[in-house]
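Colleague: Could you talk me through the fold and the packing in this one? Let's keep it question and answer.

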Amino acid sequence: MFSNAMASSIFNPCSIITASQAQPTSSSSRPSQLLSFLHSTNPAGPVVDLKLSAASSSWGCQDDSKQSLSRCLAANITSSALKTAESSRETSSLLSAEGVSSSGTRPTILVSEKLGEAGLQLLRSFGDVDCSYDLSPEQLCEKISSCDALIVRSGTKVTRQVLEAAKGRLKVVGRAGVGIDNVDLQAATEFGCLVVNAPTANTVAAAEHGIALIAAMARNVAQADASMKAGKWQRSKYVGVSLVGKTLAVMGFGKVGSEVARRAKGLGMHVIAHDPYAPADRARAIGVDLVSFDQAISTADFISLHMPLTSTTSKIFNDDTFGKMKKGVRIVNVARGGVIDEEALVRALDSGKVAQAALDVFTEEPPAKDSKLVQHENVVVTPHLGASTKEAQEGVAIEIAEAVVGALKGELSATAVNAPMVPQEVMTELAPYVVLAEKLGRLAVQLVAGGRGIKSVKVVYQSARDPDDLDTRLLRAMITKGIIEPISSSFINLVNADFTAKEKGLRISEERVVVDASPEFPVHSIQVLISNVDSKFASAVSENGEISIEGRVKYGVPHLTRVGSFEVDVSLEGNLILCRQIDQPGMIGQVGNILGQGNINVSFMSVGRTVRRNKAIMAIGVDEEPDKEALRKIGTVPAIEEFVFLKL
């Protein structure tokens, strides 16, 4: 993630390997059949055999899947699956291949904001299109009950109230653009409504606008223009800086960031980049050096922001971050306004630490008229024009129209940003394991350090089930979600997990280990292995040199059961502190006392060791995130050799 805790980790993934069952699913295995159908619309596609090996293990405890359904809901899977069998919405499921409305007529598609004519023509060829712009929330709620699809841009708010007013008829919401902040994803999922977006069509337009702002800022174009229109001639005041030979740091090396880098290279700039998922070979092909977060911001003359707005990137450019930059740095943002602490940026501009800024996006849009940032003489601003070219608007219109029509036909779009309805029986059985899978993915990626990058992730399932009786694709999707989602704008689910992993160059393989356990429960344990990487917590590295963590479900609750070679037993709720220590009396009390002084509540604690009075790992579940002082004190305990704080 783009926090200081992980900013130094440069990921260098390669191609994806996904695994499905090696043999056709047995006709008696209804959950597996249903899950396979929901996941893939191309059964003739490539199949990679799972590796099967035999092992012996005692079950050790009993699972109770039903107890954990509420936990599954909290994990952003869906609660609509638990209501599907009782709901009339089942007859108008997303998987209905006919692509007609529940009344059997051509589907009605409501377009609530202006859309390019090419997209409208595509929609009209499939359904009845109602272009009603500038609807009030009340008018939208009144109209939506007669619509099968809704297409919006950023102005229309698709709230829970709108989805409730649809009364189950609305099958798909299409966002003509990338961001889906104006759509209530959780409510859409609960009501069985697929949400799709158009993430690629405006790439070039956004990159061109970023370059335009860099050049305009460097040469004071906006200020000089305003000065001349005020009747002044101030050549000496608006002396600019050259771009040739300057270092540009591209923060976020995705589609837009890489296009900005290409264009900046053409201007004679030296380009460096930071992105946890940027493949090194792609960066090298453009002539860009991948560096750590701190190195990027501390060496750049210009910084161009292209990262998503997530919980980990929110206000990541703050007083501390600006303090690490070169004096006189220039900043451009055509990504998301929330990644910058705007008050901190004003302070940096006033002090001269930041010489200039060029902003197309803001935390609140439109910003206040008296905004100090907008009014600052060293700031160039535009009203979110990144995607505002005729070509981009047409491209977005076509892309979203294709996604919406595909969804109405029953196709599961690769640009889906929420999960489709999942059959009740499958969700009931897999619910607690879904939560476990996502949390293991989140833990594993946080343990990676250094610049070599993740080349592959291996997932090992222990199960007593027959290979044909368990489809692991939902679990793999949630492990992918845990690894990617905290540091990405992608929303990972059953529909788009493999697509997103492939797009980001993440290679995932799976292996099944048959154990002597009760076949009543689908999975005995899940192990996540990351090879050829450095670890922030050396004890998480197994004898084979891989970062290794393992977990299982106990009484409906996901537990971490192994870290590296150490056995632990801690509930995966809240957050987690792992400490490697010398095994001696009083350690639990010392660490517990430090956390108590910091008003940090301990929910669980477990100690695993290899040899008595030798080395041990203490796993501590905490409800709150310890402050820096509490973590510093833990690190000063003489018997503690290393520790790491992990967010769940």
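## Sheets, helices and confidence

Colleague: What ground rules apply to the model?

Modeller: It's a predicted model, so to speak with thresholds attached: local features need pLDDT of at least 70, side-chain atom pairs count only at pLDDT 80 or more, and totals for chains, interfaces and linings use all residues. Residues are numbered from 1 along each chain as its sequence is written, and side-chain values use heavy atoms, leaving out hydrogens and water.

Colleague: Over which residues does pLDDT stay under 50?

Modeller: pLDDT is the predictor's confidence in each residue, from 0 to 100. The protein averages 80, and 80% of the residues score at least 70. Where the score is low, the predicted coordinates should not be read in detail. The stretch that stays under 50, for which the model has 295 contacts beyond four places in sequence, is residues 1-103.

Colleague: Which residue in β3 stands opposite Val111?

Modeller: Strand β2 (residues 108-111) and β3 pair in the parallel sense over four bridges. Opposite Val111 stands Cys131.

Colleague: And in the seven-stranded sheet, what is the bridge partner of Val332?

Modeller: That open sheet runs β9-β8-β7-β10-β11-β12-β13 with parallel pairing, and β9 (289-290) and β13 (379-381) are its edge strands. Strand β11 (residues 329-333) pairs with strand β12 (residues 354-359) in the parallel sense over five bridges. In β12, the bridge partner of Val332 is Ala358.

Colleague: How is α3 oriented relative to α15, roughly parallel or roughly antiparallel?

Modeller: Helix α3 (residues 117-124) and helix α15 (residues 390-408) have axes that come within 7 Å and cross at roughly 20°. Angles under 35 degrees count as roughly parallel, over 145 as roughly antiparallel, 65 to 115 as roughly perpendicular and the rest as oblique. So α3 and α15 are roughly parallel.

Colleague: How many nonpolar residues are in the contact of α3 with α15?

Modeller: From α3 come Glu117, Ala118, Gly119, Leu122 and Leu123, while α15 brings residues including Ala397, Ile398 and Val405. Ala, Val, Leu, Ile, Met, Phe, Trp, Tyr, Cys and Pro count as nonpolar, Asp, Glu, Lys and Arg as charged, and the others, Gly among them, as polar. By that scheme there are three charged residues, one polar, and the nonpolar count is eight.

Colleague: What handedness does the crossing of α7 and α9 have, left or right?

Modeller: The axes of helix α7 (residues 203-218) and α9 come within 8 Å and cross at roughly 50°, so the two are oblique to each other. A crossing is left-handed if the near helix is turned anticlockwise from the far one by less than a right angle, and right-handed if clockwise. For α7 passing α9, the crossing is right-handed.

Colleague: How do α19 and α20 sit relative to each other, roughly parallel or roughly antiparallel?

Modeller: Val591, Ile594, Leu595 and Gln597 in α19 meet Ala630, Lys633 and Ile634 in α20. Helix α19 (residues 587-597) and helix α20 (residues 628-636) pack at an angle of about 165°, with their axes 9 Å apart. That makes the pair roughly antiparallel.

Key:
Pairing = 2+ DSSP bridges. Axes fitted to C-alpha atoms, helices over the stretch in contact; angles between N-to-C directions. Contact = heavy atoms within 4.5 Å.
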